[in-house]
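Grab the model viewer and keep the sequence open beside it. Here is a quick tour of how the chain is put together.

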Amino acid sequence: MTVYVAIAGVLALMGGIVFYASLDNAQLEQAEIELFSVELIDVDNVKNQAKFDVTFLVKNPSDKAFTVGVIDYQLFTDGVELGSGQYSAMDVALPGRAVFSSGDQIPLKSIFVLTKSETSPEIYEDMINERINSFSAEGMLTTQTSWSTIDKEFSTGF
């Protein structure tokens, strides 16, 4: 009988931990992300690749502090997909990441590599000559607290 009570106690404790962790979910889902800028960094004419600095502005309108683990995104211009990119802080321990306190907005940067063979030559030339001014991004934002992780889809552009 004692063993059954101990097992029930452990299961109740685990259920309590899961319930407590889920209390953060509603506030984590309030995180906002905006595509802020796409800037040319470098053009490699040998490899026919261009590197761009893609900046996302992440905002925390809730009262709960969180960190951003991953931003997976596809970058578009005029409805044409340029490719996919990722900002990742998963290799950094949770206390070492940028903390988004209530009301904070912090820019997070990612390197996006555009290969000439993966897009049309006209778009590639326009990109490296900085003649494109409108971009959009779609993807998944992963926000975390010490107890909870939320994946939120986003779509943004300028």
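What follows is a short briefing, grouped by topic.

This is a predicted model, in which local features need pLDDT of at least 70, side-chain atom pairs count only at pLDDT 80 or more, and totals for chains, interfaces and linings use all residues. Residues are numbered from 1 along each chain as its sequence is written, and side-chain values use heavy atoms, with hydrogens and water left out.

**The three-stranded sheet**

- Helices (H or I, at least four residues) and strands (E, at least two) are DSSP runs, numbered from the N terminus.
- Three strands line up as β1-β2-β5 in an open, antiparallel sheet; two strands count as paired if DSSP finds at least two bridges between them.
- β1 (32-44) and β5 sit at the edges with a single partner strand each, so one side of each has no neighbour in the sheet.
- From one strand to the next, the twist averages 20°; axes are lines fitted to C-alpha atoms, for helices over the stretch in contact, and angles run from 0 to 180 degrees between N-to-C directions.
- β2 (residues 49-59) and β5 are joined by eleven bridges in the antiparallel sense, and Ala50 has Leu114 in β5 as its bridge partner.
- Helix α3 (residues 121-128) packs on this sheet and touches β1, β2 and β5, where contact means heavy atoms within 4.5 Å. The direction of α3 makes about 70° with that of β2.

**A closer look at Thr115**

- You'll find Thr115 in strand β5 (residues 105-115).
- Is Thr115 buried or exposed? Thr115 counts as buried because its relative accessibility is 14%; buried means under 20% relative accessible area, exposed over 50%, and partly exposed in between (1.4 Å probe, protein chains only).
- Leaving out residues up to four places away in sequence, Thr115 touches Asn48, Gln49 and Tyr124.
- Thr115 and Ala50 are 65 residues apart in sequence, yet their C-alpha atoms are 6.5 Å apart in space.

**The four-stranded sheet**

- Another open sheet has four strands in the order β4-β3-β6-β7, again with antiparallel pairing.
- Its edges are β4 (80-88) and β7 (149-157), each with a single partner strand, so one side of each is left without a neighbour in the sheet.
- Neighbouring strands here are turned by 15° against each other on average, direction ignored.
- β6 (residues 136-144) pairs with β7 over nine bridges, in the antiparallel sense. Ala137 stands opposite Thr156 in β7.

**Salt bridges**

- Side chains of opposite charge can pair when their charged atoms come close.
- How many salt bridges does the structure hold? The structure holds four; a salt bridge is a side-chain nitrogen of Lys or Arg within 4 Å of a carboxyl oxygen of Asp or Glu.
- One of them joins Lys59 and Glu34 (3.5 Å, N to O). Lys59 lies in strand β2 and Glu34 in strand β1, so this pair ties together parts 25 residues apart in sequence.
- Lys59 is partly exposed at 25% relative accessibility, and Glu34 is partly exposed at 30%.
- Lys109 and Asp53 form a salt bridge too, with the closest N and O atoms 3.7 Å apart. That pair links distant parts of the chain, with Lys109 in strand β5 and Asp53 in strand β2, 56 residues apart.
- Asp53 is buried, at 14% relative accessibility.
- Asp126 and Arg131 meet in a salt bridge as well (2.9 Å, N to O), and Asp126 is partly exposed with a relative accessible area of 25%.

**Loops with a positive phi**

- Most residues other than glycine have a negative phi.
- Asn48 has a positive phi, near 55°. Asn48 sits in the loop between β1 and β2 and is partly exposed at 34% relative accessibility.
- Glu130 also has a positive phi, near 55°. Glu130 belongs to the loop between α3 and β6 and is exposed, with a relative accessible area of 56%.
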